[in-house]
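Hi everyone, thanks for making time for this. I'd like to walk you through a structure that may be new to you, so please have a look at it while I talk.

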Amino acid sequence: MNQQKIIEVENLTKKFGDFTAVKSISFHVNKGEIFGFLGANGAGKTTAMKMLIGISNPTSGNAIVAGYNVQSQSELVKKSIGYMSQKFSLYDDLSVQENITFFGGIYGLSKNQIKLKTETLIENLQLGNITKTKVGDLPLGWKQKLAFSVALLHEPKIVFLDEPTGGVDPITRRQFWELIYAEAHKGTTIFVTTHYMDEAEYCNRVSIMVEGVIEALDSPKNLKKQFGVESMNEVFLKLARNIE
């Protein structure tokens, strides 16, 4: 794995009035890494991610994403990344083809590039002849895989995935992670939030957030060794008990 830093975060903080959602977090992500951003619901994961993708200004601290400052160069950050939101990000009332064309246009791709990308995308996902099918009529698992592929249309350096496997069955979750592995193998950096602790095992390194603070950060193997347990779920539970 490349040791070149593609995300650098220093003392990043986000406050909403008197409430501090993210409390002075610092970490880095290497190029081509699958970096897991873990924590229970409400731990501050999504708030932190929104700062990193340039759609929410930090209260204090700083972050460099794909070489750009998230505060002063947020538009350049957005052009360099892919993003798949927690709530399904494609348009249900548009067909698969219309969604791909729409987002391809937003990403600045030419008509020819969109045509080629569409053919490759459909072939890679093995979805058959569904280009004219409305996205709202697809099973959730297909929707999620399609949304991930659309987030990669413009070949971003980093793709941010916010709870990408929420609500899907275990088989679809495993298939989704196979897509993640394939993309990381090409050199794309994957930044993924999840509250499924078993998914941490698929990451090169993970951070664990508790109440807005990063309480642990290392490879799954090292964290299990550090806490003297067999699974990442046990790491999380032990960490939560220690903090209490």
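Let's begin with the neighbours of Thr118: leaving aside residues up to four places away in sequence, Thr118 touches Gln97, Ile100 and Thr131. Keep in mind, please, that what you see is a predicted model. Thr118 itself sits in helix α4, which covers residues 111-125. Is Thr118 buried or exposed? Its relative accessibility is 5%, and because the cut-off for buried is under 20%, Thr118 counts as buried.

Now let me step back to the whole chain. You can find eight helices and ten strands in it. How does its radius of gyration fit with a compact globule? For 244 residues, such a globule would have a value near 18 Å, and the chain has 18 Å, so the two agree. If you look along the principal axes, the C-alpha trace spans about 55 × 40 × 35 Å.

What share of the 244 residues counts as buried? The figure is 50%. As for contacts, take those with a separation of 6 or more: 67% of them join residues 24 or more positions apart.

My last stop is strand β9, residues 205-210. Six of its six residues are buried, so β9 is largely enclosed by the rest of the structure. Here is a bit of background: in a regular strand, side chains alternate between the two faces of the sheet. For β9, both faces are covered, with Arg205, Ser207 and Met209 buried on one side and Val206, Ile208 and Val210 buried on the other.

Which strands pair with β9? One of them is β3, residues 34-39, which runs parallel to β9 over five bridges. There, Phe37 has Ser207 of β9 as its bridge partner. Another is β10, residues 213-218, paired with β9 in the antiparallel sense, also over five bridges. In that pairing, Ile208 stands opposite Ala216 of β10. The hairpin of β9 and β10 has two residues between the strands, and Glu211 takes a positive phi near 50 degrees there.

Methods
Residues are numbered from 1 along each chain as its sequence is written. This is a predicted model: local features need pLDDT of at least 70, side-chain atom pairs count only at pLDDT 80 or more; totals for chains, interfaces and linings use all residues. Side-chain values use heavy atoms; hydrogens and water are left out. Buried means under 20% relative accessible area, exposed over 50%, partly exposed in between (1.4 Å probe, protein chains only). Helices (H or I, at least four residues) and strands (E, at least two) are DSSP runs, numbered from the N terminus. Two strands pair if DSSP finds at least two bridges between them. The radius of gyration is taken over C-alpha atoms; the globule rule is 2.2 Å times the number of residues to the power 0.38. Contact means heavy atoms within 4.5 Å.
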